[in-house]
Amino acid sequence: MDLRQLRYFVAVAEEASFTAAARRLNISQPPLSMQIKALEEALGARLFDRAHRSLRLTEAGRVFLEQARLTLSQLASAVQLAQLAGRGEAGLLRIAFTGSVPLVPGFASLIKTFRRERPLARLEIAHMPTGQQLQALQTRRIDVGLLRPAPQFQPPEHLQFMPFWKDELRVVVASDHPLAAHEGRIPVKALAAYPLILFPREISCGLHDQIIQLFNRAGLVPQIAQEAREGTTIVGLVAAGVGISLLPDAYASLRTEGVHYGRLEAGAANCPLLLAYWKDGPSDLVNRFVKLARTIAADEPAACVPKRGRLRAVS
């Protein structure tokens, strides 16, 4: 049994005539009759009742016609989807993002624009810490990552990193905190006297390590009073007076009552968001997604991209 026989059978069933079906298929009638007979022999059941003047389907033929039409329809859809995927218009794109990424204006614009331009593409979007994203990229469990690597991170040769958004670190304090009244940018040394609320390193290695490094460069040891796994939890604890925090500028969009976002001293505030993907052989969907990201990016701070080297453990 083959697809040609299914097409022949559907034509004969719909035309209720071997002669009309042969004309429709642009073949002669004898080969058509032979193929239908071969199909009946393969199934072990008669598909047509030939005892009447008009050709009629048997009960087996009626059941088989329904499934034959479904099979041919699925085949046509599969062919179309394969062709669309080959042109980068369909297929699956797996995207992972870290922490504050959904709060970054460029992220929403990127996803909305991509979905509008590629309506047949299926997106799988998942929250995933930076360390897990790097592992998932290594094993090709995701296609694109949006992440904030640690300052000492050295990307592997097979991954491409592109600056997507240039956030800066903001000093997050309660509205009645002394630092809320500070004029101008706040020096790192001014933070030393206050307890910090941070993400755990295992879920936010890049941000955690950057903050520790800021303090260490200033000759300070941070007072970590509390860790929280969600940015909104950190902001809420700050509002409650538990401590202060350093968070990407994107969190300022939360506008939580009782919280003030101050600016950190120049040179210490960069907190880049990078887009990562496989350098060799990216799919057409990945290429299109990356191209859109380049056009949407607010800035392309090339200096923020880490130098090439070996991949270090960051989780």
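Modeller: Let us begin with contact, which means heavy atoms within 4.5 Å. Among contacts in the chain between residues at least 6 apart in sequence, those joining residues at least 24 apart make up 74%. Please note that this is a predicted model, in which local features need pLDDT of at least 70 and side-chain atom pairs count only at pLDDT 80 or more, while totals for chains, interfaces and linings use all residues. Residues are numbered from 1 along each chain as its sequence is written, and side-chain values use heavy atoms, with hydrogens and water left out.

Colleague: How many helices and strands does the secondary structure of the chain have?

Modeller: Helices (H or I, at least four residues) and strands (E, at least two) are DSSP runs, numbered from the N terminus. The chain has nine helices and 11 strands.

Colleague: What radius of gyration does the chain have, and what would a compact globule of 315 residues have?

Modeller: The radius is taken over C-alpha atoms, and the globule rule is 2.2 Å times the number of residues to the power 0.38. For a compact globule of 315 residues the radius would be near 20 Å, but the chain has 31 Å. The C-alpha trace spans about 100 × 40 × 30 Å along its principal axes.

Colleague: What percentage of the residues of the chain count as buried?

Modeller: Buried means under 20% relative accessible area, exposed over 50%, and partly exposed in between, with a 1.4 Å probe and protein chains only. Of the 315 residues, 46% count as buried. In helix α6 (residues 130-138), the buried residues are Thr130, Gly131, Gln133, Leu134, Ala136 and Leu137.

Colleague: Which residues point one way from strand β5, and which the other way?

Modeller: From β5 (residues 144-147), Val144 and Leu146 point one way, whereas Gly145 and Leu147 point the other way; all are buried. As for pairing, two strands pair if DSSP finds at least two bridges between them. Strand β5 runs antiparallel to β11 (residues 270-278), and four bridges join them. Opposite valine 144 stands tyrosine 277 in β11.

Colleague: Which residues does alanine 297 touch, beyond those up to four places away in sequence?

Modeller: Alanine 297 is in the segment after α9 (284-296) and touches Pro163, Phe164 and Trp165, when residues up to four places away in sequence are not counted. In sequence, alanine 297 and tryptophan 165 are 132 residues apart, yet C-alpha to C-alpha they are 5.8 Å apart in space. Alanine 297 counts as buried because its relative accessibility is 14%.

Colleague: How is a positive phi to be read?

Modeller: Most residues other than glycine have a negative phi. Here, alanine 16 has a positive phi of about 55° although it is not a glycine. Alanine 16 lies in the loop between α1 (3-15) and α2 (18-25).

Colleague: Why does arginine 255 count as exposed, and why is alanine 16 partly exposed?

Modeller: Arginine 255 counts as exposed because its relative accessibility is 73%. Alanine 16 is partly exposed because its relative accessible area is 38%.
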